[in-house]
Amino acid sequence: MRGLRKGVLGVALAAAAVMGAGGTAGAVGPVVGPEADLSHHGHVSLWDGRVGVWLVSENHGPSDLSQATVRLAFSEPMAGGHELPPACLWSSDRVVSCRTGELRAVGGAGELALDLRTAGLPDEMTVEITTAWRDGVADRNPRNDRHRVLVLATGDPYVF
């Protein structure tokens, strides 16, 4: 069953990559169809070759969002063999993609926590957090769902 879920998620993510994030991601003109304001906030820590990511995805409205995919891209390769939460899958050794689940308008939130290991012991790395797919819903404010964080190997939380 777990393999089937990851397979279905993989097909959905592949379809999203082919279709793109939608032509309205940075639209200036009128939006046709539903609109939501998706945001991702949290913090990232790096210590002793371990990476902790704590992420909250929120929908500020005005429409509900049935599903979205958040993409976490790391500048350093991750060590293989680590189990991810059921809503996530490895897209490569440097990228994890996760479903947010349903996000109701004005206040719907989804939480995600990852505990990963890097392939080496980097002194620093960057983490890019972006929305890869939002189920065809337009977002006229994509700035709050795209972040690039420089993380030093101090164990300190770097907030985004």
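Start by selecting arginine 104 and aspartate 64: their side chains form a salt bridge, with N and O 3.0 Å apart. This pair ties together distant parts of the chain, 40 residues apart. Arginine 104 sits in the loop between strand S5 (95–99) and S6, while aspartate 64 sits in the loop between S2 and strand S3 (69–74). Keep in mind as you click around that this is a predicted model.

Which residues make up the network here? Asp64, Glu102 and Arg104 are linked by salt bridges.

The structure has 5 salt bridges, so let's hop to another, because side chains of opposite charge can pair when their charged atoms come close. Select arginine 50 and aspartate 115, whose side chains meet at 2.4 Å, N to O. Arginine 50 belongs to strand S2 (residues 50–59) and aspartate 115 to strand S6 (residues 108–117), 65 residues apart. Arginine 50 is partly exposed at 24%, and aspartate 115 is partly exposed at 44%.

Stay with arginine 50 and bring up one of its contacts, serine 45, in strand S1 (residues 38–47). Is serine 45 buried or exposed? At 5% relative accessibility, serine 45 is buried. Its side chain reaches the backbone oxygen of aspartate 156 at 3.3 Å. Beyond its close sequence neighbours, serine 45 also touches others, including Trp54, Val151 and Pro157.

Key. Residues are numbered from 1 along each chain as its sequence is written. This is a predicted model: local features need pLDDT of at least 70, side-chain atom pairs count only at pLDDT 80 or more; totals for chains, interfaces and linings use all residues. Side-chain values use heavy atoms; hydrogens and water are left out. Helices (H or I, at least four residues) and strands (E, at least two) are DSSP runs, numbered from the N terminus. Buried means under 20% relative accessible area, exposed over 50%, partly exposed in between (1.4 Å probe, protein chains only). A polar contact is a pair of N or O atoms within 3.5 Å; within protein, one must be able to donate a hydrogen and the other to accept it, and residues adjacent in sequence count only if both atoms are side-chain atoms. Contact means heavy atoms within 4.5 Å. A salt bridge is a side-chain nitrogen of Lys or Arg within 4 Å of a carboxyl oxygen of Asp or Glu. Lists of a residue's contacts leave out its neighbours within four places in sequence.
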